[in-house]
Amino acid sequence: MTEDLILTVKCPDKPGITYAITGLLASVGGNIMESQQFNDPESGYFFVRIRARVPGGKATIEAAFAQLAANHQMTYQLSEADAPLRTLVMVTKDAHCLSDLLSKNREGLLPIDIVGVVGNHTTLQPLADFYNKRFIHIPISAETKAEAEAELLQLIEDEGVELVVLARYMQILSSELCERLAGNVINIHHSFLPSFKGARPYQQAFSRGVKLIGATAHYVTSDLDEGPIIEQDVVRVAHDDDERELRAKGAEVERQVLSRAVKWHAEHRILMNGNRTVIFS
């Protein structure tokens, strides 16, 4: 059995790293179909993403690569190229991002398997039902936050969830939960960070008379809205656009930015570089 695999590696940069990786693949008869790398002189780290066709699949190379990784202080991931990520989407009341993810997923445009939609309100349950996706209502308040997050963690474990997407989920995750799920939670922020944080960003933008509004997809950390940025985009606005029109234009940007971030993550194109990200196209 021949299997297409995606290998991502981050390690201290030094001569011979590329040769060591490609040599190991060649030694098992692997055929490299795609390869991209980045050497960061600032951090001193080397990053690479390789897609290779390997006889015998992941089992053929896993043990040997683990030893290579230990020898070179590598952080790595070895994944089946076409295996969709088991994904949980979390929402509150705004439908646009969830609708976009569900639609693109049904059309085969996102390599994810949406195993459920979690809402702290039931507003979007009909939308999940329309796409035949399980809806799980987990209400949350200051008094029940710990219990709600424990229920969420149990759901993630039971369903084998690999990615959590906050599709306009208007609750702050605890520091403990952020640490448990580090690198596997993507949020869409309804502004072009770092501007207009907090409540009513479109009213803030309207009040300032901005000419551009945008959206930011980022990984979630315990520092609110300060996680590594994955994708950003902007759209022009006119002097006569009111808050409602800004909100509509902003919603469209949010859809696009979030879906791109989810796609890149699911295709294993994103590697962490401190507070920044390396994204291979």
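Colleague: Which residue does the UniProt annotation "active site" cover?

Modeller: The annotation, from an unreviewed UniProt entry, covers D225. Such annotations may be inferred rather than shown by experiment, and the model here is a predicted one.

Colleague: Where is D225 found, and is D225 buried or exposed?

Modeller: D225 is found in the loop between β10 (212-219) and β11 (229-236). Buried means under 20% relative accessible area. D225 has 15% relative accessibility, so D225 counts as buried.

Colleague: How many disulfides does the structure hold?

Modeller: A disulfide is a covalent bond between the sulfur atoms of two cysteines. The structure holds 0 disulfides. Take C178: the closest cysteine sulfur, in C97, is 19 Å from the sulfur of C178, too far for a bond. C178 counts as buried at 5% relative accessibility. C11 is buried too, with a relative accessible area of 0%.

Colleague: How is a pair of aromatic rings described?

Modeller: By the distance of the centres and the angle of the planes. In this model the count comes to 3 aromatic pairs. One of them is F38 with F47: the ring centres are 6.1 Å apart and the planes lie at 25°, so the pair is stacked. Planes under 30 degrees apart count as stacked.

Colleague: Which charged end sits over the ring of Y45?

Modeller: That of K10, which lies 4.9 Å from the centre of the Y45 ring.

How values were computed
Residues are numbered from 1 along each chain as its sequence is written. This is a predicted model: local features need pLDDT of at least 70, side-chain atom pairs count only at pLDDT 80 or more; totals for chains, interfaces and linings use all residues. Side-chain values use heavy atoms; hydrogens and water are left out. A disulfide is a pair of cysteine sulfur atoms within 2.5 Å. Buried means under 20% relative accessible area, exposed over 50%, partly exposed in between (1.4 Å probe, protein chains only). Rings of Phe, Tyr and Trp (its six-membered ring) pair if their centres lie within 6.5 Å; planes under 30 degrees apart count as stacked, over 60 as edge-to-face and the rest as tilted. A charge sits over a ring if NZ of Lys or CZ of Arg is within 6 Å of the ring centre and within 35 degrees of the ring normal. Helices (H or I, at least four residues) and strands (E, at least two) are DSSP runs, numbered from the N terminus.
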